[in-house]
Amino acid sequence: GGKRDRFGRFLYEFSSNKDVFEPVVSNYLVRQGFLNVEWPENHKFAACLTHDVDQVYPTWKYTLFTATKFGLNLRPKEGLKRLVSKVEKSRLSNPCWNFEKILKLEERYGAKSSFYFKTTSRDPVGWTYIIEELKDELSYITDMGWEVGLHGGYYSYDNLEKLRKEKNRLEKALGKKVTGIRMHYLRFQVPDTWRLLADLGFKYDTTFGYPDVAGFRNGMCHPFKPYDLEVEKEIDILEIPLTVMDGTLFGSMHLNPSEAWRIVKKLIEVTERNRGVITILWHNNIFDEIFWGKWAKLYERILRYLNERKAWMTSAEDIYKFWISRR
């Protein structure tokens, strides 16, 4: 399609497939017996849990607002700590430096996830950080068995050299190869971006979802190898489509947390019925409860439900490894 939003993205509102809550293609393939997935350890379906790390240093405006909020909630000490942390650029009491908190939460539900870090120094709203300053965090995340992937820069989705630099920089800071990627702002050009990523040696991508609506962008709740119509062959990269992004729920869809929960619950149940994968994106800054309140809590509610439904809750890398091993 030729239509694009101001960030160059193809939106649900431009799409002719309006049944976004039903994975029609997966439904068909499962019914016809083409897709019968036996997930590890008798899990009925999978949940690919992901976090895009857009920022690790909150702005002054955010810091002052939340510090004031702590004060009004009769927790002035925490507010003060937050201000001191901002002045001293310290990790303690920095609400975005919360990787350990997220890991501990997921661990309680037997889950693991993927964190996508940026290494670009250009960003339209100035959300940048120096990846080398996060070396300890990167080691901690991967030593625990979670995944670190690349969050491709806003200006890089159509630029091989920029993406190569970003990938190399992350691999250097991490001390190992990077398997997967998700593009910042979900900027993506079909099929060009897939080709670029395959050329750079990425094994999977998990950008492919609608920025403006939760659901199944191309009717799939299963990973797939994209087909390149121009050269009539598969592109050697696995797409693990994105289903639910926090910002889509409260941004474009204007839902409150309980309305959002009903939609996510429905998407989980549809995925389970098809023995598929639901990919969930919760940004690290949304775990700051003083500001995000019920949205921070909603993630835990999702984990609890996935756990009850016996989902395999894991990183995109684990899903990739499992998926290619079953061929």
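Modeller: By class, 10 charged, six nonpolar and four polar residues make up the lining of the second largest pocket in this predicted model.

Biologist: What is the volume of that second largest pocket?

Modeller: The second largest pocket has a volume of about 420 Å³. It is lined by 20 residues, and those closest to its centre are Phe70, Glu78, Arg82, Lys101 and Asp288. Helix 2 (60-72), helix 3 (76-87), helix 4 (99-108) and helix 10 each give two or more residues to this lining.

Biologist: How is such empty space found?

Modeller: A probe the size of a water molecule is rolled over the atoms, which shows where empty space is left. Here, the largest pocket has a volume of about 730 Å³. Its lining counts 31 residues, with Asp54, Trp127, Tyr185, Gly247 and His283 nearest the centre.

Biologist: Which helix gives the most to the lining of the largest pocket?

Modeller: Helix 8 does, with four residues. Helix 8 spans 246-250, and helix 10 (289-292) also supplies at least two residues. The lining of the largest pocket divides into 14 nonpolar, 10 polar and seven charged residues.

Biologist: How many cavities of 30 Å³ or more does the structure hold?

Modeller: Three. A cavity is a space where the 1.4 Å probe fits but cannot get out, whereas a pocket is open. The largest cavity contains about 50 Å³ of space.

Biologist: Which residues line the largest cavity?

Modeller: Thr142, Trp146, Glu147, Val148, Leu174, Lys176, Lys177, Val178, Thr179 and Glu317. By class, four are nonpolar, two polar and four charged.

How values were computed
Residues numbered from 1 in each chain as written. Predicted model: local features only at pLDDT ≥ 70, side-chain atom pairs only at ≥ 80, totals over all residues. Heavy atoms only, no water. 1 Å grid on protein atoms, 1.4 Å probe; cavity = no way out; pocket = protein on both sides within 12 Å on 5 of 7 lines; lining within 4 Å. Points joined across faces, edges and corners; volume = space filled by probe spheres on them. Nonpolar A, V, L, I, M, F, W, Y, C, P; charged D, E, K, R; others polar.
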